[in-house]
Amino acid sequence: MITGRTADVFVLIVGYRNSADIEECLAALSRSSVKPTFDVFICENGGADAYAQLIDELVGADGPYELTQDHVASDELKTGRLIDVRHLRFRARASNVWIGCARENLGYAGGINAWLHHLLPIPGWKGIWILNPDTEPQPNALAALIERAETGGKGMIGSTVLESGQMDHIRFRGGIHWQRFAGRGIAIGLGDRLDGPHDLPAIESAMDSPSGSSMYVTRSCIETVGPMDESYFLFFEDLDWGMRAKASGLGYASKSVVGHKRGTSTGSARSPAAIPRLSVYLEHRNGIHFVRRHFPWTLPVRIAVSFLYALRFLINGAPKNFLVTLEGVFAGLRGEIGRPAWHRQLSGDPRTRRF
């Protein structure tokens with residue numbers, strides 16, 4: 001088990017063959033304020049080679065992390081989902097980094113839940129902070145999240161997420177609002193200037209979920225609503241979790257500022273033709289899954305929205321993604337959930353290397 005003192009917060013990161021992003025995210029975390037205390041838990045979904053590369057890049061003679069010899073605890077953390085675990089420490093602060101290698105690609109929610117399984121039995125911690133690997137939080141970002149949770153009585157809180165390449169412009173003020181009768185989610189505060197005014201009660205009233213790029217969730221909220229739903233695999237799992245947590249209170253910590261590169265893991269920042277098949281497919285399959293669960297009367301609207309996206313792919317010279325969008329819609333209507341069988345067959349899960 002995880003021994004020693006219990007940190008105030010557990011930071012959870014799910015990676016997929018993007019060690020450079022994770023290294024930069026950890027470097028930003030190393031500059032965080034001394035309080036609250038935190039430990040970091042990473043699930044590498046990209047296979048044994050990506051896991052080994054991540055550890056090699058983080059640990060070095062002059063590097064900011066050191067590999068411990070805590071083999072007993074590491075062995076005890078291995079489960080059917082994590083086939084190997086390594087324990088690192090920051091050299092410059094009293095924080096631990098635990099890195100687990102997933103047996104297969106567990107998806108985003110699965111990577112979070114693989115660590116939650118080990119963390120929930122541990123007493124004393126306040127909450128978890130879920131970060132995308134391609135984020136760079138500012139030093140007081142975590143402290144501001146906890147402050148809003150405690151002063152506002154909120155169970156799930158989002159940050160001020162900055163637009164990639166425009167560090168004075170906002171991508172999210174806290175999170176997402178789902179437009180019921182437009183069948184889509186919109187980013188609250190998109191395009192606002194960082195130094196501009198904002199209406200906190202209006203933002204929190206409009207929120208249906210914090211942005212999954214930076215999401216703080218209190219322990220009591222997790223114990224009430226349960227873990228993330230793994231049936232989505234990728235896309236919409238954060239929005240679904242936020243919808244389920246609304247009774248626990250959704251909050252916005254404006255002083256929690258997080259830079260986000262956007263799309264380095266999923267490819268969503270690329271041109272229409274270059275967006276990976278999996279991203280397009282799951283965006284539209286899971287949109288069907290989400291509205292069926294939360295707003296079933298708007299299903300025809302969501303289908304129409306996906307068809308419009310498909311048409312836009314066609315107009316923008318991306319005929320393959322036009323077809324993939326339609327495939328995703330029909331898969332959603334058939335009730336398909338979880339990791340698509342075709343993706344498992346194409347990628348081939350690297351499970352053979354032993355440690």
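This is a predicted model: local features need pLDDT of at least 70, side-chain atom pairs count only at pLDDT 80 or more; totals for chains, interfaces and linings use all residues.
**Salt bridges across the chain**

I would like to start with R173, which is buried, with a relative accessible area of 3%, where buried means under 20%, exposed over 50% and partly exposed in between, using a 1.4 Å probe and protein chains only. Residues are numbered from 1 along each chain as its sequence is written, and side-chain values use heavy atoms, with hydrogens and water left out.

The partner of R173 is D192, and the closest N and O atoms of this salt bridge are 3.1 Å apart; by salt bridge I mean a side-chain nitrogen of Lys or Arg within 4 Å of a carboxyl oxygen of Asp or Glu. R173 sits in strand β9, and D192 lies in the loop between β11 and α6, with helices (H or I, at least four residues) and strands (E, at least two) taken as DSSP runs numbered from the N terminus. D192 is partly exposed, at 31%.

Turning to a second pair, R344 and E104 meet in a salt bridge at 2.3 Å, N to O, and this one joins helix α12 to the loop between β5 and α4, across 240 residues. R344 is partly exposed at 34% relative accessibility, and E104 is likewise partly exposed, at 24%.

To close, the structure holds 21 salt bridges, and one of them links E66 with R91, the closest N and O atoms being 3.6 Å apart.
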